Amino acid sequence: MSRSVLVTGGNRGIGLAIALAFAEAGDKVAITSRSGELPEELAKHQAIAVRCDINDAAQVDAAFTEIEAANGPVEVLVANAGITKDTLLLRMTEEDFTSVLDTNLTGTFRVVKRASAKMMRARKGRVVLISSVVGLLGSPGQANYAASKSGLIGFARSLARELGPRNITVNVVSPGFVDTDMTAVLSEERRKEIVSGVPLGRYAAPAEVASAVRFLSSDEAAYITGAVIPVDGGLGMGH
Ligand code: NDP
C-alpha cells in the first residue's frame with residue numbers, strides 16, 4: 001500500500017536515506033528543506049520537494065498544504081531536520097542555544113502539530129522523531145544540541161499517550177555517529193576518539209538509520225509507541 005510520507009530535511013544525509021527507503025518501497029514521498037532541492041535519486045521515484053524552513057510556522061503550514069494536494073494527507077511523518085552549533089558552555093551565546101532548540105525541538109513541534117490534526121481525523125498515523133545518542137548520554141560542547149534531542153523524547157512520549165487512542169504511534173530513533181555533512185566537520189582526532197567508544201567500532205551508514213525508521217512506520221510495528229530505538233553501534237548502551 002502506497003502511503004503519503006513526509007521526511008523533513010530529506011535532501012541529504014540521514015533524511016535522504018530515509019526518504020529513499022520509503023520511495024524504493026513504493027510510498028509517495030515528499031521531502032522538505034530550506035533549499036527545496038530534489039536529489040536526482042529521489043526524482044527518479046517521483047518524490048516531491050518543497051521548500052520549508054521549519055522555524056517558520058507559516059512555511060510549515062504552506063508546505064503541508066502543497067504536499068496534501070499532491071500526495072494526500074501525510075500518513076507517515078519523519079521529523080529529521082536538525083542542526084548543530086557546537087561550542088563549550090562559557091562560549092555558547094544565547095543565540096547558539098535558542099536557535100538549536102528552535103530548529104530541533106520547536107521545529108519538530110511545528111511539523112508534528114500540523115500533521116497530527118489530519119492523522120487524528122484519519123484515526124491512524126505514524127510519527128518518527130530523529131533524536132541522537134547524545135540526548136541521553138550528553139556530550140561536551142553540545143549542551144544546546146543534547147538539550148534539544150532529549151527534549152524530543154519527552155515530547156514524543158507525551159504525544160504517544162495523547163495520540164495513542166487515535167491509533168497514532170510516536171517513536172524516537174536515536175542514531176549514534178553517522179557519516180553525513182553534520183559529522184564531516186569533526187576532526188580526525190575526534191572521530192577516532194568517538195569510534196573507540198563504539199562497540200561496533202565504526203560510524204553508521206545513513207541507510208542503517210533509515211531501516212529502523214521504516215520498521216517503526218510499518219504494520220509490523222503497530223504495537224510500538226513511545227519507544228526510543230538506538231541505532232548507535234552500542235555507544236549509548238545503558239541509557
Ligand atoms: P545534515 O546536516 O546532513 O542534514 C540536515 C538536514 O536538516 C538538511 O536536510 C537540512 O536541509 C535540514 N534542515 C536544517 N535546518 C532546517 C530548517 N530550519 N528547516 C528545514 N530544514 C532544515 O544532518 P544529518 O543528516 O547528519 O542529520 C539528520 C538528523 O539526524 C538531524 O536531526 C541530526 O541531529 C540527527 N542526527 C545525526 C547524527 C549524525 O551523526 N550525523 C547522529 C544523531 C542524530 P537544508 O540545509 O537544505 O535546510
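**Exercise 1.** Determine how the shell around the ligand divides by residue class, and which residues come nearest.

*Solution.* By class, the shell around the ligand has 10 nonpolar, 15 polar and four charged residues, where Ala, Val, Leu, Ile, Met, Phe, Trp, Tyr, Cys and Pro count as nonpolar, Asp, Glu, Lys and Arg as charged, and the others, Gly among them, as polar. The model is a predicted one, in which local features need pLDDT of at least 70 and side-chain atom pairs count only at pLDDT 80 or more, whereas totals for chains, interfaces and linings use all residues. Residues are numbered from 1 along each chain as its sequence is written. Two or more residues of the shell are given by each of α1, α4 (94-122) and α7 (181-184), helices being DSSP runs of H or I with at least four residues, numbered from the N terminus.

**Exercise 2.** Describe how helix α1 packs against helix α9.

*Solution.* The axes of α1 (residues 13-24) and α9 (residues 206-216) come within 8 Å and cross at roughly 50°, with axes fitted to C-alpha atoms over the stretch in contact and angles running from 0 to 180 degrees between N-to-C directions. α1 is therefore oblique to α9, since angles under 35 degrees count as roughly parallel, over 145 as roughly antiparallel, 65 to 115 as roughly perpendicular and the rest as oblique. The contact (C-beta atoms, placed from the backbone, within 7 Å) includes Gly13, Ile14 and Phe22 of α1 and Pro206, Val213 and Arg214 of α9. The residues of this contact divide into 11 nonpolar, one polar and one charged.

Conventions
Two residues are in contact if their C-beta atoms, placed from the backbone, lie within 7 Å. A residue is near a molecule or strand if its C-beta atom, placed from the backbone, lies within 6 Å of it.
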